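Dear colleague,

Please find below the sequence and the structure that I am handing over to you. My notes on what was found follow directly after them.

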Amino acid sequence: MMTNLLEGITLFGVAIATILMAIASMLGTMTMKQVVEFGQVDARTLCGLTGITDPKDLQDVFGPPHMNRTWHGLTLPYIEAQKRPAGYLISDNRIDWICIGLAVLAFFWRHPVADLLLIVAAMSQVAGWVLATRLPR
């Protein structure tokens, strides 16, 4: 009985943490998209939206930056067309919404499959945060 209680508390904590990480990720993505709309995109924003972490690769894809180390005239659809797999974990709202949905599902559906899906959602959020730490400053 005590083991079931601790297991339930642990899964509840993982679900809450997954939801909070996904919300924070969506807020960060929203901020990066607003920077693109303002027209002066820096390397950190481009790396966050595309998942390209090497500045040389970034320059190969988007060309050299201007004098103040920003790119002008880039549109959000063009930037998102250059997205790499890491970019989906760092800044894709669909992934974040799926993770939130799986965490909410785990609240109401007590089954080993739901627990496994919750762990996958939590791991994808953690992976996105770890990849985000590798972005240039």
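**Salt bridges**

Arg94 is exposed, with a relative accessible area of 57% (exposed means over 50%, buried under 20% and partly exposed in between, with a 1.4 Å probe and protein chains only). Its partner in a salt bridge is Asp92, and the closest N and O atoms lie 2.9 Å apart. Asp92, by contrast, is buried at 6% relative accessible area. A salt bridge here is a side-chain nitrogen of Lys or Arg within 4 Å of a carboxyl oxygen of Asp or Glu, and by this rule there are three salt bridges.

Before the others, a word on the basis of these values. The model is predicted, so local features need pLDDT of at least 70 and side-chain atom pairs count only at pLDDT 80 or more, while totals for chains, interfaces and linings use all residues. Residues are numbered from 1 along each chain as its sequence is written, and side-chain values use heavy atoms, with hydrogens and water left out.

Glu80 and Lys33 form another salt bridge, with 3.6 Å between the closest N and O atoms. Because Glu80 lies in helix α4 (residues 76-81) and Lys33 in helix α1, this pair ties together parts that are 47 residues apart in sequence. Both partners are partly exposed: Glu80 has a relative accessible area of 31%, and Lys33 has 23%. Arg110 and Asp115 also meet through their side chains in a salt bridge, at 3.4 Å from N to O. Arg110 is partly exposed at 47%, whereas Asp115 counts as buried at 16%.

**Overall form**

The protein has seven helices and two strands (DSSP runs numbered from the N terminus, helices being H or I of at least four residues and strands E of at least two). From the N terminus, their order is α-β-α-α-β-α-α-α-α. Along the principal axes, the C-alpha atoms fill a box of roughly 65 × 25 × 20 Å. Of the 137 residues, 37% count as buried.

**Helix α1**

Which residues form a nonpolar patch on the surface? They are Phe12, Ile16, Leu20, Ile23, Leu27 and Met30, with about 550 Å² of accessible area together (Shrake-Rupley method, 1.4 Å probe, only the protein chains shown counting as cover for residues). Patches are made of residues with over 30% relative accessible area and no salt bridge; like charges are joined within 9 Å, and nonpolar side chains (Val, Leu, Ile, Met, Phe, Trp, Tyr) within 5 Å. Phe12 belongs to helix α1 (residues 2-38) and is partly exposed at 48%.

Thr18 is also placed in helix α1, but is buried at 0%. Leaving out residues up to four places away in sequence, Thr18 touches Cys99, Ala103, Leu118, Ala121, Ala122 and Gln125 (contact means heavy atoms within 4.5 Å). Ala22, in helix α1 as well, is likewise buried at 0%. Beyond its neighbours within four places, Ala22 is in contact with Asp96, Ile100 and Gln125.

**Helix α2 and the cysteines**

Helix α2 (residues 43-50) is largely enclosed by the rest of the structure, because six of its eight residues are buried. Among them is Cys47, at 0% relative accessibility. Cys99 is buried too, at 2%. A search of the whole structure finds zero disulfides (pairs of cysteine sulfur atoms within 2.5 Å).

With kind regards
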